[in-house]
Amino acid sequence: MRIFVTGGAGFIGSALVRHLIENTEHEVLNFDKLTYAGTLSTVERVAKTFETGIEKTVRWYLDNQDWWRPLVAAKAAERRGVA
Ligand SMILES: NC(=O)c1ccc[n+]([C@@H]2O[C@H](COP(=O)([O-])OP(=O)(O)OC[C@H]3O[C@@H](n4cnc5c(N)ncnc54)[C@H](O)[C@@H]3O)[C@@H](O)[C@H]2O)c1
């Protein structure tokens, strides 16, 4: 399951985030406004940053071009009225 946690850099939220990542198979997205009460150090040991996630996604697309390129080409042809 994918779980969206708000306030996950605060006291309770960070404990929840650490528990979910360390003890379950769930995917966790932590969304926090980072007010005075929120600190990323509370989830540092379990966290991947947004940038890491983007980097991983981009790498996947670069490594799997044979999968998505034909789909993009087909869609482009469809738009041009060729397909
Ligand atoms: N700690 C307790 O004993 C306790 C008891 C009963 C109820 N609560 C309630 O539980 C909630 C969490 O408590 P806590 O002690 O972990 O608080 P906390 O202040 O430690 O954490 C709250 C987190 O929410 C983040 N935040 C604030 N506004 C946000 C927004 N608009 N979008 C995203 N993130 C936002 C803050 O940056 C912070 O990291 C609070 O609503 C609190 O009132 C706490």
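1. Helix α3 covers residues 65–80, 16 residues in total. Its first and last C-alpha atoms lie 22 Å apart, close to the 22 Å expected at 1.5 Å a residue. (The expected span is 1.5 Å times one less than the number of residues; helices are DSSP runs of H or I with at least four residues, strands are runs of E with at least two, and both are numbered from the N terminus.) The number of buried residues in α3 is zero, so this helix lies largely in the open. (Buried means that 20 or more other C-beta atoms, placed from the backbone, lie within 10 Å of the residue's own.) Just after α3, Gly81 has a positive phi of about 80°.

2. A note on the source. This is a predicted model, in which local features need pLDDT of at least 70 and side-chain atom pairs count only at pLDDT 80 or more, while totals for chains, interfaces and linings use all residues. Residues are numbered from 1 along each chain as its sequence is written.

3. Helix α2 takes in residues 50–63. Its 14 residues should span 20 Å at 1.5 Å a residue, and its end C-alpha atoms are 20 Å apart, which agrees. α2 is hardly covered: its count of buried residues is zero.

4. Overall, the protein chain has three helices and two strands. Their order along the sequence is β-α-β-α-α. The radius of gyration, 19 Å, is well over the 12 Å that the globule rule gives for 83 residues, so the chain is more spread out than a compact globule. (The radius is taken over C-alpha atoms; the rule is 2.2 Å times the number of residues to the power 0.38.) Along its principal axes, the C-alpha trace spans about 55 × 25 × 20 Å. Of the 83 residues, 12% count as buried.

5. The domain assignment gives domain 1 (1–47) and domain 2 (49–83). These bounds come from an automatic or database assignment. The C-alpha centres of the two domains lie 30 Å apart.

6. Now the ligand. The shell around it has 14 residues, of which Gly7, Gly10, Ile12, Ala37 and Gly38 come nearest. (A residue is near if its C-beta atom, placed from the backbone, lies within 6 Å.) Helix α1 (residues 11–23) gives the most to this shell, with three residues. By type, the shell divides into six nonpolar, six polar and two charged residues. (Nonpolar: Ala, Val, Leu, Ile, Met, Phe, Trp, Tyr, Cys and Pro; charged: Asp, Glu, Lys and Arg; polar: the others, Gly among them.)
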